[in-house]
Amino acid sequence: MTTFREYRSRIAAGSEPVHDQPALPSYAVPIQGERAGFVTRASAAIIDVVLVFLVVLGTVVAVWMLSFIVQPATSQADAFAGDRVPRVGALIAYGYVLNVVYWTVGWATGGRTVGNLILGVRVVNFRGERVRWAGAFVRALFCTLFVPGLLWVIVSGTNRSVQDVVLRTSVIHDWVVGVPGLTRKEHP
Amino acid sequence: MTDDVSDGLTARQEVVLTTWPAAHQPAPAARTLFDVVASTVGLATQAAVTIAVVVEHSVSRAVATPVNAALDRMVPVIAAAVVERIDLTDLVIRQVDLGAVVTRALDDLDLTSIVIDRVDIDAVVAKADMEAIIDRVPVIDLANYVVDEIDLPQIIRDSTSGIAGDVMNGTRRQALGADRIVSGLADRIVFRRRGRKLDAPGEPQSLGGRFREDLGGDPYDGGPDDDAGAGDVRVGEATEPVP
């Protein structure tokens with residue numbers, strides 16, 4: 001217990017207040033900053049893919065409903081006609097594009113997608129910094145097109161996927177409590 | 001001192017008193033005259049004293065009232081005149097050791113109890129200008145101190161772990177356990193005995209206590225770096241730093 005007088009004298013002496021207690025469960029403290037394993041990363045990816053799938057599904061429903069404005073239904077069968085929704089191939093392509101865009105934005109802005117946030121991991125580059133837009137885009141494209149690359153995490157001695165090895169990125173444990181804020185730094 | 005005396009027997013002497021009735025003799029005439037004169041003188045003295053006392057009482061009664069009245073009128077006037085001609089303050093300051101007087105008085109008094117007993121502290125506080133006092137209190141410092149002392153991050157964790165945080169941490173923990181099982185199995189299959197090297201560069205935000213963007217640059221960085229396409233991830237460039 002520090003008295004207010006001691007506290008003020010310490011601040012006056014120029015020391016910063018220290019929060020010794022990280023807002024973390026104690027068992028998670030030692031692993032912070034370590035590379036995450038396969039299950040964690042696969043779970044995060046699955047959550048992201050499910051989210052993208054839901055968005056694709058939502059798009060299909062929206063397109064289907066909008067189609068009635070362009071071409072009102074004449075019969076029950078016409079309402080559920082196949083030509084009212086995009087073809088499966090187009091939807092898959094759309095999903096891939098959406099996935100690449102989503103992962104790019106997530107990794108370039110905060111190093112996290114929703115799946116990463118839930119599983120408490122973050123993508124960093126070889127310097128331990130947040131990947132930039134170009135790097136995030138390349139990684140997102142690589143991860144989306146070559147999903148089996150993640151399997152390398154299982155055998156890798158450093159928990160790296162093929163994408164991590166090639167792009168020299170890491171997926172580290174970083175269990176934030178809430179949604180991290182994207183604070184803008186003061187520019188001089 | 002002799003041995004005889006110390007003996008205690010020869011030193012003791014006895015005195016024997018014997019009385020017998022005196023023979024009645026008629027008083028001589030001179031003696032009688034003396035008695036009469038003495039009685040007369042004593043009576044006269046007594047009478048004189050009594051008269052003196054009575055006279056004193058009477059006189060003092062008769063005189064006291066007008067004298068007191070006169071004094072009542074004169075003394076204040078005289079005192080005022082005297083005080084007027086004397087610089088009393090200066091006199092006291094010069095002649096009296098005020099410090100000693102005050103110190104002595106304070107030594108004798110229990111000031112705290114006097115204040116507690118006789119001062120209406122509530123009334124004093126009610127009259128105090130609280131705004132002026134608060135203006136002088138370092139409120140922000142105080143607030144920071146309280147936040148630091150009560151360990152706000154812990155409280156936030158406690159409150160958030162109640163709902164979403166618990167689920168999230170549970171999920172993360174289970175995934176972590178599964179990771180270890182999977183990696184342990186794989187390590188056994190490939191005969192990796194030293195375990196995995198999981199150290200990665202960078203400082204986790206979770207250990208910073210707050211969400212700082214101190215790991216990279218500006219998350220909205222639209223500066224020349226990005227425009228030049230110089231991302232941090234450079235394919236095929238530079239080798240892995242040797243630990």
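## Lining of the largest pocket

In this predicted model, the lining of the largest pocket is made up of 24 nonpolar, seven polar and three charged residues. The pocket's volume is about 690 Å³. Its lining counts 34 residues, and those closest to the centre are A:Ala45, A:Val49, A:Asn99, A:Trp103 and A:Val147.

Four elements of chain A each give two or more residues to this lining. They are helix H2 (38-70), helix H4 (88-109), strand E1 (121-124) and helix H6 (133-145). H2(A) supplies the largest share, with 13 residues.

## Fold of the chain

Chain A holds eight helices and two strands. Read from the N terminus, the order is α-α-α-α-α-β-α-α-α-β.

Take the contacts in chain A between residues at least 6 apart in sequence: 66% of them link residues at least 24 apart.

Chain A has 188 residues, and 43% of them are buried. The chain exposes about 9,700 Å². Carbon and sulfur atoms account for 71% of that area.

## Confidence

Chain A has a mean pLDDT of 86. A pLDDT of 70 or more is reached by 89% of its residues. Residues 181-188 of chain A fall below 50. Leaving aside near neighbours in sequence, this stretch makes 16 contacts in the model. Where pLDDT is low, predicted coordinates should not be read in detail.

Notes: Residues are numbered from 1 along each chain as its sequence is written. Chains are lettered from A and ligands numbered from 1 in the order in which they are written. This is a predicted model: local features need pLDDT of at least 70, side-chain atom pairs count only at pLDDT 80 or more; totals for chains, interfaces and linings use all residues. Side-chain values use heavy atoms; hydrogens and water are left out. pLDDT is the predictor's confidence in each residue, from 0 to 100. Contact means heavy atoms within 4.5 Å. On a 1 Å grid over the protein atoms alone, a cavity is a set of points where a 1.4 Å probe fits but cannot get out, and a pocket is an open set with protein on both sides within 12 Å along at least five of seven lines; lining residues have an atom within 4 Å of a point. Grid points are joined across faces, edges and corners, and a volume is the space filled by probe spheres set on the points. Ala, Val, Leu, Ile, Met, Phe, Trp, Tyr, Cys and Pro count as nonpolar, Asp, Glu, Lys and Arg as charged, and the others, Gly among them, as polar. Buried means under 20% relative accessible area, exposed over 50%, partly exposed in between (1.4 Å probe, protein chains only). Accessible areas come from the Shrake-Rupley method with a 1.4 Å probe; for residues, only the protein chains shown count as cover.
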